[in-house]
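Me: I'd like to learn how to read a protein model, one feature at a time. Could you walk me through this one?

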Amino acid sequence: KIPVFAAAWLALAITTLPVAAAGEGITALPEKGLFRPLLADPKEPRFQLGMQWVDSDLNDTRVGAVGFGENFGIARWAGRHAEEAWQFNLSAAVLAQFDMNAPSTDLVNADYIVGFPLSYRNDRWSVRLRFFHQSSHLGDEFLLRVHPDRVNLSFESLETLVSYEWDNWRAYGGGEYLVNREPEELE
């Protein structure tokens, strides 16, 4: 079941591609994106590896975190002038955490993310509008060891980020709106 808002956004993004293809400057499968990846966002689709030390009431442990993901350019088209362009991408990632102190290095959690970013760049300014789905799944060994209450955790979200670049600096900000969520109480 796709929410009406999400279906409308996808229809807008998909119908924009043929209009762009009719104009000059269309590039199929561009190698680079218009919106530079965020360095500090743990949900940014990229290849990453990390170690975290957890000190909580439930457990004190080391957590190994890995991520496998990428943004794939589908189409880019030129804007009204040379420094302006639009790009439609497919982004996907798997982000997983492992309990490094468990007997079998248990998979604690895996998040699956797939999205459709639409990016715009005009000189130093760039914007990314991304509709994406995320679902979270607990690992088998972790479930057998901890016995948590089962919750089906997934959501669709619309994220907007704006970025301005100057010299070697970059400022960015934005927000995210959960379009559909399970459980419904998820904030």
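Me: Let's start with contacts: which residues is I113 in contact with, leaving aside its neighbours within four places in sequence?
Reply: Contact means heavy atoms within 4.5 Å. Here, I113 is in contact with K43, S91, A92, A93, L95, F132, H133 and Q134 once neighbours within four places are left aside. Before we go on: this is a predicted model, where local features need pLDDT of at least 70 and side-chain atom pairs count only at pLDDT 80 or more, while totals for chains, interfaces and linings use all residues. Residues are numbered from 1 along each chain as its sequence is written, and side-chain values use heavy atoms, with hydrogens and water left out.

Me: Which nonpolar core does I113 belong to?
Reply: A nonpolar core is a set of buried Ala, Val, Leu, Ile, Met, Phe, Trp, Tyr and Cys residues joined through side-chain atoms within 4.5 Å. Buried means under 20% relative accessible area, exposed over 50%, and partly exposed in between (1.4 Å probe, protein chains only). In this chain the largest such core has 5 residues, and I113 sits in it with L95, F132, F155 and L178. Across the chain, buried residues make up 37% of the 187 residues.

Me: How many helices and strands are there in the chain?
Reply: Both are DSSP runs, numbered from the N terminus: helices are H or I with at least four residues, strands are E with at least two. You'll find 2 helices and 8 strands here. Going along the sequence, the pattern reads α-β-β-β-β-β-β-α-β-β.

Me: How do I read strand pairing, and in which sense do β3 and β4 pair?
Reply: Two strands pair if DSSP finds at least two bridges between them. Strand β3 (residues 60-78) and strand β4 (residues 84-99) pair in the antiparallel sense over 15 bridges.

Me: Now S157, please. Is S157 buried or exposed?
Reply: S157 is buried, because its relative accessible area is 0%. You'll find S157 in strand β7 (residues 153-166).

Me: Which side chain makes a polar contact with the side chain of S157?
Reply: A polar contact is a pair of N or O atoms within 3.5 Å; within protein, one must be able to donate a hydrogen and the other to accept it, and residues adjacent in sequence count only if both atoms are side-chain atoms. For S157, the partner is the side chain of E176, at 2.9 Å. A polar atom of the S157 side chain also lies 3.2 Å from the backbone oxygen of Y177.

Me: What about aromatic pairs: how many does a search of the whole structure find?
Reply: A pair of aromatic rings is described by the distance of the centres and the angle of the planes. Rings of Phe, Tyr and Trp (its six-membered ring) pair if their centres lie within 6.5 Å; planes under 30 degrees apart count as stacked, over 60 as edge-to-face and the rest as tilted. The search finds 6 aromatic pairs. One of them, F47 with F68, is edge-to-face, at 6.1 Å centre to centre and 75° between the planes. F47 lies in the loop between β1 (27-28) and β2 (48-55) and F68 in strand β3, so the pair ties together parts that are 21 residues apart in sequence. Elsewhere, ring pairs link W125, Y164 and W166 into a cluster.
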